[in-house]
Amino acid sequence: MRRRTGPLSAALLVLAAGCGLTSGSPMVDDVAPGTIGRGRPLAGARLTVTSKEFTEQLILGAIMGIAFQAAGADVLDRTGIQGSIGSREAVKNGDADAQFEYTGTGWITYLGNSRPIADPQRQWEAVRDADLKNGLTWLAPSRLDNTYALAMNRAGFGKYRTKTLSEVAALAKRDPGAVTLCVESEFANRADGLPGMEKAYGMSVPARNITQMDTGIIYTQVAKGSCTYGEVFTTDGRIRSMHLVVMADDKKFFPNYNATPVINTKVLKKWPAIAGVIGPVTKKLDNTVAQTLNAKVDVDGEDPHQVALDWMKQEGFVK
């Protein structure tokens, strides 16, 4: 699962921004208002929802579309756009109306800042304020924070008992051979990845102890114990299914990537009820929810849209 496009690869996706959205299909879920959408305040609205192509985004896009349907809107599903740039540009230029985006992606990738803001609320406020000039409104953020982390398997945790990145750094200093890392190549070279993490924590891991590999393989290698620690995304469902232990980022080095509804400002002015419809749903989203829903797709093989619909009904948001 990939949650964002970083500065190193964003340029490769610029072409996608000009392509527009030429496909899509109506969402036709048979849903009625539950705790959201009462009075059907979006009746008469025709809204297009978009997302990026990875599991979590497909689920979030479906959640948003289902919420809008329950409130009376006709919804066009244009989720699954490859990369970050294309879906954002679609909302900016009016090819789509809404999506869930991540605050760190907005601040660093789109707005061009190099230093993240440690406090998640302030990070969201900064993105919200800066993006208004681009015709985009960031509504209240969720607690779902899909950022980087290091994780280890239960056997490794039983042996080394590290719970924080500071403790990993101390272990690397005390026993250099104990800390071996499995990471993807982008993380190994990003300023907000391994180099920055080592600098922030005073950590020094010899190059011979670092193995670069594809994201999905990292989880299985960490679970097997092929490396002591692996780079993971904090909302990935495989963390729970493989019983991995995530190290706390106690110095708050990694950027905040809180999932947040982003709405085309002109559309929001026409349909201000959007904020009230999606707000309670956003408030319910956190890492535990995300890990559970993502695992249903990535581990159990379920359909992302069905997973989203089942959760919306389970929580009572829709009937």
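Helix H3, which covers residues 55-70 and has 16 residues, reaches 23 Å from its first C-alpha to its last, close to the 22 Å expected at 1.5 Å a residue, where the expected span is 1.5 Å times one less than the number of residues. The model is predicted, so local features need pLDDT of at least 70 and side-chain atom pairs count only at pLDDT 80 or more, whereas totals for chains, interfaces and linings use all residues. Residues are numbered from 1 along each chain as its sequence is written, and side-chain values use heavy atoms, with hydrogens and water left out. Helices (H or I, at least four residues) and strands (E, at least two) are DSSP runs, numbered from the N terminus.

**Helix H3**
- Because 15 of the 16 residues of H3 are buried, the helix is largely enclosed by the rest of the structure; buried means under 20% relative accessible area, exposed over 50%, and partly exposed in between (1.4 Å probe, protein chains only).
- Just after H3, Gly 72 takes a positive phi of about 105°.

**Strand S9 and its partners**
- Strand S9 (residues 229-233) is largely enclosed by the rest of the structure, because five of its five residues are buried.
- Both faces of S9 are covered, with Tyr 229, Glu 231 and Phe 233 buried on one side and Gly 230 and Val 232 buried on the other.
- Strand S6 (residues 148-152) pairs with S9 in the antiparallel sense over four bridges, and Ala 149 stands opposite Val 232 in S9; two strands pair if DSSP finds at least two bridges between them.
- Strand S7 (residues 181-183) runs parallel to S9 and is joined to it by two bridges, with Gly 230 in S9 as the bridge partner of Cys 182.

- Most residues other than glycine have a negative phi.
- Arg 40, although not a glycine, has a positive phi of about 45°; Arg 40 lies in the loop between strand S1 (25-26) and strand S2 (46-52), and is partly exposed, with a relative accessible area of 40%.
- His 243, also not a glycine, has a positive phi of about 60°; His 243 lies in the loop between helix H12 (238-241) and strand S10 (245-246), and counts as exposed at 51% relative accessibility.

**The chain as a whole**
- The protein chain has 16 helices and eleven strands, and buried residues make up 57% of its 319 residues.
- Among contacts (heavy atoms within 4.5 Å) between residues at least 6 apart in sequence, 81% join residues at least 24 apart.
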